[in-house]
Amino acid sequence: MEIFGVPSALFGSQLLIGLINGSFYAILSLGLAIIFGLLNIINFAHGAQYMMGAFVAWIALTRFGINYWAALLLSPLLIGLLGVVLERTMLRKLYKLDHLYGLLLTFGLALIFEGLFRDQYGISGQSYDVPELLQGGINLGFMFLPIYRAWVVVAALTVCFGTWFMIEKTKLGAYLRAGTENPQIVQALGINVPLLITFTYGYGVALAAFAGVLAAPIYQVSPMMGSNLIIVVFAVVVIGGMGSIMGSIVTGLGLGLIEGLTRVFYPEASAVVVFVIMVIVLLVRPAGLFGRTA
Amino acid sequence: MQSNMSALERATPLIFIVLFVIGLAAPFFIYPTFLMKILCFGLFACAFNLLLGYVGLLSFGHAAFLGTAGYVCGWMVRDLGLTPELGILAGTLAAGALGWIFGTLAIRRTGIYFAMITLALAQMVYFLALQIKATGGEDGLQGVPRGHLFGLIDLSDNIAMYYLVFAVFCIGFFIIYRTIHSPFGQILKAIRENEPRAISLGYDVAKFKLLAFVISASLAGTAGATKTLVFQLASLTDVHWHTSGEVVLMTLLGGLGTVLGPLVGAATIVSLQSELADTVGSWVTVIMGAIFVACVLAFRRGIVGEIMALVRRAGIR
């Protein structure tokens with residue numbers, strides 16, 4: 001069986017990889033968008049926090065024998081807590097300054113985290129076994145579908161849409177959206193905006209850590225796993241524009257798929273295709289696909 | 001306040017003369033290669049500062065200009081047999097052209113988006129450098145000959161090479177200084193302070209930003225091409241985003257929007273790196289990150305900025 005002259009198994013598996021990458025793009029750019037919405041800061045440490053999420057899971061398993069399912073909860077909590085501490089002690093001092101200082105601070109933090117983990121674990125990757133429940137795969141007839149990979153897509157999308165639901169449909173989400181529009185008035189209405197900001201940063205960081213745990217069995221767990229990914233995610237964010245939550249999810253998934261397709265038809269370009277799309281979008285629609293002109 | 005400011009300004013030519021003399025004498029006291037590295041990164045940081053310090057645009061992709069110019073210069077000198085001065089010129093022009101492309105795209109957005117766009121474009125350049133055969137991939141371009149300046153002066157002598165680098169630095173520095181202190185520079189500062197107002201005064205802001213970006217990129221290229229000649233190597237490190245981050249750190253540490261700050265920052269970081277490389281290994285990244293955090297949280301004026309503030313305060317008393 002062939003699709004556009006490409007064996008369907010190859011086509012399917014590349015599309016699946018694209019879908020998985022897209023899920024990671026979606027969940028990471030979602031976190032960036034939420035943080036940016038309320039804090040006006042681009043969290044450069046997002047990649048490092050994703051990496052630490054994966055490492056916490058790996059350390060939990062190898063040192064303490066804590067299994068994957070517990071790590072899926074524990075790691076985002078721990079890294080999210082670290083995010084809360086960072087926000088309370090450092091980021092908070094920068095809100096009155098130019099937004100670029102937030103970018104620079106989180107860049108410095110990213111260097112510190114990556115340096116520390118590289119010193120401890122070296123640059124070679126550690127492998128993390130797929131949990132027993134999700135081992136093996138299903139033969140779909142035209143391709144072989146590893147269960148874990150299907151699980152990653154389902155889990156990532158569930159979290160993404162759950163977040164969307166929370167922001168768009170709940171009271172807390174309403175506060176958050178109002179705070180994004182005009183924090184002063186929300187504060188004047190008696191809502192604890194600083195607490196909301198802390199919570200938001202913690203949640204965005206926890207999303208990154210969650211993605212890290214999901215990624216651990218697929219990619220090698222290594223100190224540098226986040227830094228190259230985060231630059232692609234930045235391009236995704238530029239393409240989508242940070243105005244809309246659903247926009248970041250859709251853009252992330254779509255670009256992952258396009259990347260997968262490029263790997264089938266023109267593998268050499270797969271590393272740069274997202275950047276090329278970014279250039280085209282900037283020329284045609286500078287505010288991004290879902291962005292508002294600001 | 002006004003008279004104190006002018007006191008500082010009156011001292012400026014004196015400071016430049018002293019620094020120039022130090023620069024002339026330095027290779028007889030300090031290892032020339034080390035000095036050349038400082039001057040190359042100093043020019044790189046000064047070029048970067050023109051954009052961030054005076055136009056308020058944070059480019060997170062300046063490594064692309066440094067690296068591309070290095071590759072172009074290395075390729076022309078080694079494989080086409082060009083003389084070193086033509087190699088530097090070619091590198092500068094190549095970086096300027098790339099800067100025009102980057103600039104055209106990136107100035108469509110401002111602030112944080114500008115930083116992310118330049119970073120993403122530079123990453124694209126990195127991937128291209130990794131895949132294209134002409135750059136030598138992971139190996140880079142090795143064994144680039146220093147050659148003979150104007151076909152006459154042998155640059156394999158470290159002292160001769162040093163004076164070429166020093167001359168290149170001085171020319172680049174002068175161009176930046178003149179740009180900042182020209183009417184053009186005043187408009188750049190106006191854009192930094194209040195862009196809508198500059199637009200309402202009738203200035204074509206996009207054009208000014210683009211020109212500043214091209215100047216900055218070209219001079220970053222000059223630094224990169226010169227660096228390739230000094231170390232006889234053009235490598236992937238120079239196009240990596242780590243280098244883009246490093247130049248931000250140098251500028252921030254030395255003093256954002258000060259004329260001499262980037263040079264001081266570059267000298268500090270380069271010295272620190274060579275001190276630390278032997279003793280602490282991979283902790284260098286951690287220390288660089290910590291300096292970053294400290295600068296942003298508590299030391300935003302940078303070294304030169306703090307000194308200037310001190311002098312001003314002393315003047316008042």
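Biologist: What makes up the secondary structure of chain A?

Modeller: In this predicted model, chain A has eleven helices and four strands.

Biologist: Why is chain A called as compact as a globular protein of its length?

Modeller: The globule rule gives 19 Å for 294 residues, and the radius of gyration of chain A is 19 Å, close to that value, so the description applies. Along the principal axes, the C-alpha atoms of chain A fill a box of roughly 65 × 50 × 35 Å.

Biologist: How many of the residues of chain A count as buried?

Modeller: Of its 294 residues, 48% count as buried; a residue qualifies if 20 or more other C-beta atoms lie within 10 Å of its own.

Biologist: What makes α2(B) roughly antiparallel to α9(B)?

Modeller: The axes of α2 (residues 32–52) and α9 (residues 205–231) of chain B cross at roughly 170 degrees and come within 8 Å. Angles over 145 degrees count as roughly antiparallel, and therefore α2(B) is roughly antiparallel to α9(B).

Biologist: Which classes of residue form the contact of α2(B) with α9(B)?

Modeller: The contact has 15 nonpolar, four polar and one charged residues. Among them are F44(B) and F48(B) in α2(B), and F213(B) and L219(B) in α9(B).

Note on methods:
Residues numbered from 1 in each chain as written. Chains lettered and ligands numbered in written order. Predicted model: local features only at pLDDT ≥ 70, side-chain atom pairs only at ≥ 80, totals over all residues. Helix = DSSP H or I, 4+ residues; strand = E, 2+ residues; numbered from the N terminus. Rg over C-alpha atoms; globule rule 2.2 N^0.38 Å. Buried ≥ 20, exposed ≤ 12 C-beta atoms within 10 Å, placed from the backbone. Axes fitted to C-alpha atoms, helices over the stretch in contact; angles between N-to-C directions. Parallel < 35°, antiparallel > 145°, perpendicular 65-115°, else oblique. Contact = placed C-beta atoms within 7 Å. Nonpolar A, V, L, I, M, F, W, Y, C, P; charged D, E, K, R; others polar.
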